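Please read it alongside the sequence and the coordinates.

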Amino acid sequence: MSKVLIIGAGGVSQVVVHKCAQIPEVFKDIVLASRNEEKCKKIASQLNRPITTAQVDAENVPQLVALIKKHKPDMLINVALPYQDLTIMDACLETGINYLDTANYEPKDEAKFCYKWQWDYIDKFKEKGIMALLGSGFDPGVTNVYTAYALKHHFDEIHELDIIDCNAGSHGQPFATNFNPEINIREVSARGKYYVNGEWKETDPLSVNKIYDFPEGIGPMKIYLMYHEELESLVKHIPTIKRARFWMTFSDNYLNHLKVLENVGMTRIDPVIYNGQEIIPLQFLKALLPDPASLGPLTKGRTCIGCLIKGIKERKEVEYFVYNICDHEAAYKEVQSQAISYTTGVPAMIGAKMMLTGKWKGNGVFNMEQFDPDPFMDDLNKYGLPWKEIFITT
Ligand code: NDP
């Protein structure tokens, strides 16, 4: 029985807090802290057990250290923004507590995904005798665990990996993002990148697409090649992979709006002077767009995220798809969030549970595929994200 400190009180946090609160035998005490304590109190008011709330600026290491020293948690779950990953890791190092996040560090002034900044902490975490688990959301997160599970049970070698993320749901808004708009638009408007035969190849943003036929009645949808952070850790830890790509669906409506916003400069992340004041256009745009949390009651339909994997088992070629389907309305009914936050928050809770129960342990900084996938896969079935596998025969 443990105490957990959760940082951030946005869409993903809403799910993490609800899910942790559902398992008091693991998460005995919960402290929820964010920049704005009112948001923490709002989440706390939805629960049927008491939790503690606090205010903290997660970019201020001394404030974080004071908060950790006051509450003495067993571990910290970071569901604030990627910009705060390193300051929060610094505070964990100073206080000697374990760390988990769902997205890799990004500098504010450059839309760049790269594990180097956090992998640079490996020796420091080892020396301190503590653990950091990186990317315990869905993608990254469950997609890493799916790949590790496939390798453990169905393949001798994995050669090709396609991670495919489909949101076949709709919120009925002219333009909105399903998670933090600033992070989402930075990710989507970045250049595409994929791995082939030991090299990274770049593509113009969203310039490569194809049709993929999704299971369980979702049917054919257009998927676009993008870069996603789990590709970097998966090709490092599973070196037989010859090709690794990431794909996502977007509606034509979303892409048309994004194009116009880009064309007029609203997605820029460099400062511009407006009325004598510096503003970042993308941050201003975020203030205008619907809060992703407000989409919860409006979103209908399903998501389907999975890994399409090719390789060999006992010298025979195998093609395999492992996936989850999540229903936006069912997620909202359970935790008052749509499926994008749900599919991220549930794995964050499970990752924390793996660490607190000692099923996953180690000193240093780890990615999800470095641990035994089986207990995590069992918990996905148990806590709301059941998965299915298809062996593809041609
Ligand atoms: P939100 O913007 O909804 O929530 C972020 C929260 O962090 C907000 O409560 C925000 O405060 C708080 N915050 C921001 N800056 C600070 C700060 N300096 N100090 C303290 N708190 C701060 O984002 P989401 O919930 O949608 O996303 C959370 C994380 O999950 C992100 O890192 C995102 O990239 C990641 N993610 C991962 C996915 C995966 O599958 N791996 C998928 C989707 C998201 P305030 O409310 O005041 O703005």
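A crossing of two helices is called left-handed if the near helix is turned anticlockwise from the far one by less than a right angle, and right-handed if it is turned clockwise. The model is predicted, so that local features need pLDDT of at least 70 and side-chain atom pairs count only at pLDDT 80 or more, while totals for chains, interfaces and linings use all residues. Residues are numbered from 1 along each chain as its sequence is written.

**Domains**

- The protein is divided into domain 1 (2-134) and domain 2 (142-337 + 386-391), with bounds that come from an automatic or database domain assignment.
- The centres of domain 1 and domain 2, taken over C-alpha atoms, are separated by 24 Å.
- In the interface, 14 residues of domain 1 are in contact with 15 residues of domain 2, where contact requires C-beta atoms, placed from the backbone, to lie within 7 Å.
- The side of domain 1 that touches domain 2 comprises seven nonpolar, six polar and one charged residues (Ala, Val, Leu, Ile, Met, Phe, Trp, Tyr, Cys and Pro count as nonpolar, Asp, Glu, Lys and Arg as charged, and the others, Gly among them, as polar).

**Ligand shell**

- The ligand is surrounded by 32 residues, of which the closest are Gly-8, Gly-10, Ala-58, Gly-137 and Phe-179; a residue is near a molecule if its C-beta atom, placed from the backbone, lies within 6 Å of it.
- By class, the shell around the ligand holds 14 nonpolar, 13 polar and five charged residues.
- Domain 1 and domain 2 each supply at least three residues to this shell, and its largest share, three residues, comes from helix α1 (residues 11-21) (helices are DSSP runs of H or I with at least four residues, numbered from the N terminus).

**Helix packing**

- Helix α1 and helix α13 (residues 339-356) pack at an angle of about 45°, with their axes 8 Å apart, the axes being lines fitted to C-alpha atoms over the stretch in contact and the angles running from 0 to 180 degrees between N-to-C directions.
- That angle makes α1 oblique to α13, since angles under 35 degrees count as roughly parallel, over 145 as roughly antiparallel, 65 to 115 as roughly perpendicular and the rest as oblique.
- α1 passes α13 in a right-handed crossing, and the residues that make the contact include Val-12 and Lys-19 of α1 and Tyr-342 and Met-349 of α13.
- Helix α7 (residues 142-153) and helix α14 (residues 373-382) pack at about 120°, with axes 9 Å apart, and α7 passes α14 in a left-handed crossing.
- The contact of α7 with α14 has eight nonpolar, no polar and one charged residues.

Technical notes:
Contact = placed C-beta atoms within 7 Å. Helix = DSSP H or I, 4+ residues; strand = E, 2+ residues; numbered from the N terminus.
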